[in-house]
Amino acid sequence: MTIEERKQLSETRIFKAVFPNTTNHYDTLFGGMAMQLMDEVAFITATRFSRKRMVTVSSDRIDFTKPIPAGTIIELVGSISYIGNTSLKVSVEIFIEEMYSDVRDKAITGTFTFVAVDEHKNPIRVI
């Protein structure tokens with residue numbers, strides 16, 4: 001299988017409903033909750049690509065461009081954006097979908113870096 005095929009097959013999509021218990025006093029999704037969900041999707045994407053133990057080493061940049069209101073559906077999309085020797089980067093986007101219309105907007109983008117590790121937590125080759 002080629003690298004491009006592996007990248008395509010590892011793309012990860014997860015949908016969540018935004019309930020009041022995950023929102024702040026503005027009735028929008030907590031930023032920390034968004035980051036947790038993004039790291040989870042990034043981890044799954046990295047693992048599906050490498051099929052190795054992966055650990056998060058950094059969140060390189062997260063841009064919050066739109067608030068995510070309670071009562072919406074979000075889609076998180078993770079995709080491989082860079083492959084190094086022992087590390088890789090995963091781009092994650094969060095889209096907001098209104099429950100009762102076709103409105104869909106990109107709300108958050110971020111990049112997470114992962115390192116492949118062996119059973120002793122030493123870095124190993126990603127591929």
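Buried denotes under 20% relative accessible area, exposed denotes over 50%, and partly exposed lies in between, computed with a 1.4 Å probe on protein chains only. By this scale Arg 13 is partly exposed, with a relative accessible area of 46%. The structure is a predicted model, in which local features need pLDDT of at least 70 and side-chain atom pairs count only at pLDDT 80 or more, whereas totals for chains, interfaces and linings use all residues. Residues are numbered from 1 along each chain as its sequence is written, and side-chain values use heavy atoms, with hydrogens and water left out.

An unreviewed UniProt entry carries the annotation "domain: HotDog ACOT-type" for residues 8–120. UniProt positions are given here in the numbering of the model, feature names are shortened, and annotations may be inferred rather than shown by experiment. Helices (H or I, at least four residues) and strands (E, at least two) are DSSP runs numbered from the N terminus. The span 8–120 is 20% helix and 50% strand, and its end C-alpha atoms lie 30 Å apart.

The strands may be taken next. Two strands pair if DSSP finds at least two bridges between them. Strand E1 (residues 12–17) runs antiparallel to E3, and six bridges join them. Eleven bridges join E3 to E4, again in an antiparallel arrangement, and a hairpin connects E3 to E4 through three residues.

The interior follows. In soluble globular proteins, nonpolar side chains tend to be buried together. A nonpolar core is here a set of buried Ala, Val, Leu, Ile, Met, Phe, Trp, Tyr and Cys residues joined through side-chain atoms within 4.5 Å. The largest such core has 26 residues, of which Ile 68 and Leu 88 touch the most other members. At least two residues of this core come from each of helix H2 (31–50) and strands E2 (53–64), E3 (72–83), E4 (87–98) and E5 (104–117). H2 supplies the largest share, seven residues. Contact means heavy atoms within 4.5 Å; leaving aside residues up to four places away in sequence, Ile 68 touches residues including Val 18, Asp 27, Ile 94 and Ile 108.

Asp 27 itself is placed in the loop between E1 and H2. Its phi is near 65 degrees, a positive value in a residue other than glycine, and Asp 27 is partly exposed at a relative accessible area of 43%.

Charged pairs complete the picture. Side chains of opposite charge can pair when their charged atoms come close. A salt bridge is a side-chain nitrogen of Lys or Arg within 4 Å of a carboxyl oxygen of Asp or Glu, and by this rule the count comes to eight. In helix H1 (residues 3–10), Glu 4 and Lys 7 lie three residues apart, about one turn of the helix; their closest N and O atoms are 3.5 Å apart. Arg 13 meets Glu 11 in a salt bridge of 3.1 Å, N to O. Arg 13 also forms one with Glu 75, where the closest N and O atoms are 2.7 Å apart. Arg 13 lies in strand E1 and Glu 75 in strand E3, so this pair ties together parts that are 62 residues apart in sequence. Glu 75 counts as buried, at 4% relative accessibility. Through shared partners, salt bridges join Glu 11, Arg 13, Glu 75, Glu 97 and Arg 104 into one network.
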